[in-house]
Amino acid sequence: MNRTLGSLSRGVLLTVLTVGSLANLRARAHAFADDYGDGATTAQPIAIGSIRTGCIEIDVDQDWFSFCATNSLKEYVVTVTAGTLWDSVVTLVAWDGETGIVQTDSVLMPTSRVSRIHVGPAATYFVHVAGFAQFTTGTYSVAVSQRNFVDQNGNNLPDAWEIEYFHGTNAPGGGSLEDWDGDGADNLDEFRSGTDPTDTNAHLRVTDIAVRDGGTAITWTTAPYRWYGVDAATNLSAGKW
């Protein structure tokens, strides 16, 4: 399909734009050396503290990377810096390779930066890099770093998390060992379990235990991107779980 845009009524600019089908655009990508895979299954691993350079060869191109978050309660930061790429979009994707956790772009600044405080055992995250707008191509660099989260008052809660839920870092009842919503889980436990410390109904808890088919079924509340494990023992007063 061809579409021609003529001059505006004020007659100062004449622009001709040819738009091809998506299939044709994808075919054009093969004319370039596609440097990284286009999905989670072909993502290029990045070591923490290292930098990789890449190129969005055509507007439909996308580059995927992966990194392993090995330390719980550390903040992992992904930074994409534009080279000749006009602007970039970076998405941090959960370990299922499909669910986007957070996304930003570099329209208003030369870098795109996303971060996440990892909680739990080691897990692999994915990074999706693409151009912001159609016909955006060019080079960029991507880096992954690890750091302690910002905790200026030293109460083991991230400042950003406190501000989100308590509108400040020293809010009454917002300390790590206090239970602001009175649901039996202190604020530190709520942060680690990914639940809302201001919602009485949002906390990690067992909701049902039932014997079924010779076994025991345990049901509990969950939060996105959290790992859960069940320990069992035949003797609650002695022995190992």
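User: Before we get going, what counts as a polar contact here?

Analyst: A polar contact is a pair of N or O atoms within 3.5 Å; within protein, one must be able to donate a hydrogen and the other to accept it. Keep in mind that this is a predicted model.

User: Got it. What does the side chain of Asp181 have a polar atom 3.2 Å from?

Analyst: That would be the backbone nitrogen of Asp199, which lies 3.2 Å from a polar atom of the Asp181 side chain.

User: And where does Asp181 sit?

Analyst: Asp181 is in the loop between helix 2 (159-166) and helix 3 (187-193). Leaving out residues up to four places away in sequence, Asp181 touches Glu190, Asp196, Pro197, Thr198, Asp199 and Thr200.

User: Is Asp181 buried or exposed, and how far off is the nearest side chain of opposite charge?

Analyst: Asp181 is buried, but has no salt bridge. The nearest side chain of opposite charge is Arg205, 9.2 Å away.

User: Okay, how many salt bridges does the count come to?

Analyst: Two. Glu75 pairs with Arg147, with their closest N and O atoms 3.1 Å apart. That pair links distant parts of the chain, with Glu75 in strand 4 and Arg147 in strand 9, 72 residues apart. Arg212 pairs with Asp208, where the closest N and O atoms are 3.6 Å apart.

User: Are Glu75 and Arg147 buried or partly exposed?

Analyst: Glu75 has a relative accessible area of 9%, so it is buried. Arg147 is at 41% relative accessibility, so it counts as partly exposed.

User: Switching topic: which residues have the most contacts inside the largest nonpolar core?

Analyst: Phe65, Phe67, Val78, Leu92, Val127, Tyr140 and Val142, in a core of 19 residues. The elements giving two or more residues to this core are strand 3 (62-69), strand 4 (74-82), strand 5 (88-93), strand 8 (123-131) and strand 9 (138-147). Apart from it lies another core of six residues, including Trp161 and Phe191.

User: What does Phe65 touch?

Analyst: Beyond residues up to four places away in sequence, the contacts of Phe65 include Tyr36, Ile46, Tyr125, Val127, Tyr140 and Val142.

User: What about Ile101, where is that one?

Analyst: Ile101 is in strand 6 (residues 100-105). Its relative accessibility is 23%, so Ile101 counts as partly exposed.

Technical notes
Residues numbered from 1 in each chain as written. Predicted model: local features only at pLDDT ≥ 70, side-chain atom pairs only at ≥ 80, totals over all residues. Heavy atoms only, no water. Helix = DSSP H or I, 4+ residues; strand = E, 2+ residues; numbered from the N terminus. Buried < 20%, exposed > 50% of the residue type's maximum accessible area, 1.4 Å probe, protein only. Lys, Arg positive; Asp, Glu negative; His and termini not counted. Salt bridge = Lys/Arg side-chain N within 4 Å of Asp/Glu carboxyl O. Contact = heavy atoms within 4.5 Å. Core = buried A, V, L, I, M, F, W, Y, C linked by side-chain atoms within 4.5 Å.
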